[in-house]
Amino acid sequence: GSSSTDGNVSSTVTQIELQAERASREHSAHLLVFPELFLSGYGLSREITLSAARYIIQEKVIAHLQNIANQYSIALLICYPELVDEKIYNSATLINEHGDILLTYRKTHLWANEEREIFAEGDQLSSVVEIRGVRVGVMICYDMEMAEVARCLTLLGAQLLLVPTALATSPANENIARFIVPIRALENHVWLAYANLSLPQFIGLSRIVGPDGNELCRVEQDPLIVADLIPKNYLHKIRSTPYLADRRPFLYSIINDSKYLVKLPIDYKYTDD
């Protein structure tokens, strides 16, 4: 993932087109995932976010990206501020290799006042859709830190979780990027594609992890990374721990009971170190 911009959508679209062409031509990739709010940039004021969201609608940017997906025969996960009825959502749209929109997911777990002051919360998990025979679901950044989200998407049949992210550089966030990413893949026996924005402002560590929790590749010098998803490579590793089959859901109903929702103190401060 490349660094954030200042709402300069048109230059970002050019970048997306270049990377789509490259991923398709050089690597025969079937799917390309961009970081959270990539079209506009992350961490902008409400004013700039809103103007970027309006530009995306006025200039039919998503339709243009659908054409790019179709032209290079590559699926794209595009993240952007989505303006609907004067509300802005932190959204991700998945476009298939023919240029059809398969899903638009609106981030359900917003982080702190920084996001809540700008965005409205989505109230539905991602649908699970198929790309070239692989079932795919989407979570955005903070969603991944909630174990329930990935588990639900897996129960809905996802084999690959796409996680566009804008995780800032901080000691606390280091462990989120290092530990939670492989754990989500391992505990659900799914592939996970983690696309974070880059250093120095963001922690980077973009990578693709297999169902055994091991990394297939990570971003080092080149922001474009590619991995093959080969299910048979994992069968022997996960046979002894069929987590989904060995669950006992009647024990977990408390998770779904809102009386156990923790109330934060009025003066609570989210810190980002």
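**Exercise 1. Which residues of S8 point one way, and which the other way?**

Before starting, note that this is a predicted model, where local features need pLDDT of at least 70, side-chain atom pairs count only at pLDDT 80 or more, and totals for chains, interfaces and linings use all residues. Residues are numbered from 1 along each chain as its sequence is written, and side-chain values use heavy atoms, with hydrogens and water left out.

Step 1: Find the strand. S8 covers residues 191-196; helices (H or I, at least four residues) and strands (E, at least two) are DSSP runs, numbered from the N terminus.

Step 2: Sort the side chains. Trp191, Ala193 and Ala195 point one way, while Leu192, Tyr194 and Asn196 point the other way.

Step 3: Six of the six residues of S8 are buried, so the strand is largely enclosed by the rest of the structure. Here buried means under 20% relative accessible area, exposed over 50%, and partly exposed in between (1.4 Å probe, protein chains only).

**Exercise 2. Is Thr154 buried or exposed, and which residues does Thr154 touch?**

Step 1: Thr154 sits in helix H5 (residues 147-155).

Step 2: With a relative accessible area of 6%, Thr154 is buried.

Step 3: Leaving aside residues up to four places away in sequence, Thr154 touches Asn188, Val190 and Leu244.

**Exercise 3. Describe the other sheet.**

Step 1: Four strands form an open sheet in the order S1-S2-S3-S4, again with mixed pairing. Its edges are S1 (31-33) and S4 (101-106), each pairing on one side only.

Step 2: S2 (residues 75-84) and S3 (residues 87-95) are antiparallel, paired over nine bridges.

Step 3: Helix H3 (residues 61-72) lies across S2, S3 and S4, and runs at about 175° to S2.

**Exercise 4. Summarise the whole protein.**

Step 1: Count the elements: eight helices and 10 strands.

Step 2: Judge the overall form. The radius of gyration (taken over C-alpha atoms) is 18 Å, close to the 19 Å from the globule rule (2.2 Å times the number of residues to the power 0.38) for 273 residues, so the protein is as compact as a globular protein of that length.

Step 3: Buried residues make up 47% of the 273 residues.

Step 4: Check confidence. The average pLDDT (the predictor's confidence in each residue, from 0 to 100) is 95, and 97% of the residues score at least 70. Confidence is lowest in helix H7 (residues 235-238), at a mean of 91, and highest in S3, at 99.

Methods. Pairing = 2+ DSSP bridges. Contact = heavy atoms within 4.5 Å. Axes fitted to C-alpha atoms, helices over the stretch in contact; angles between N-to-C directions.
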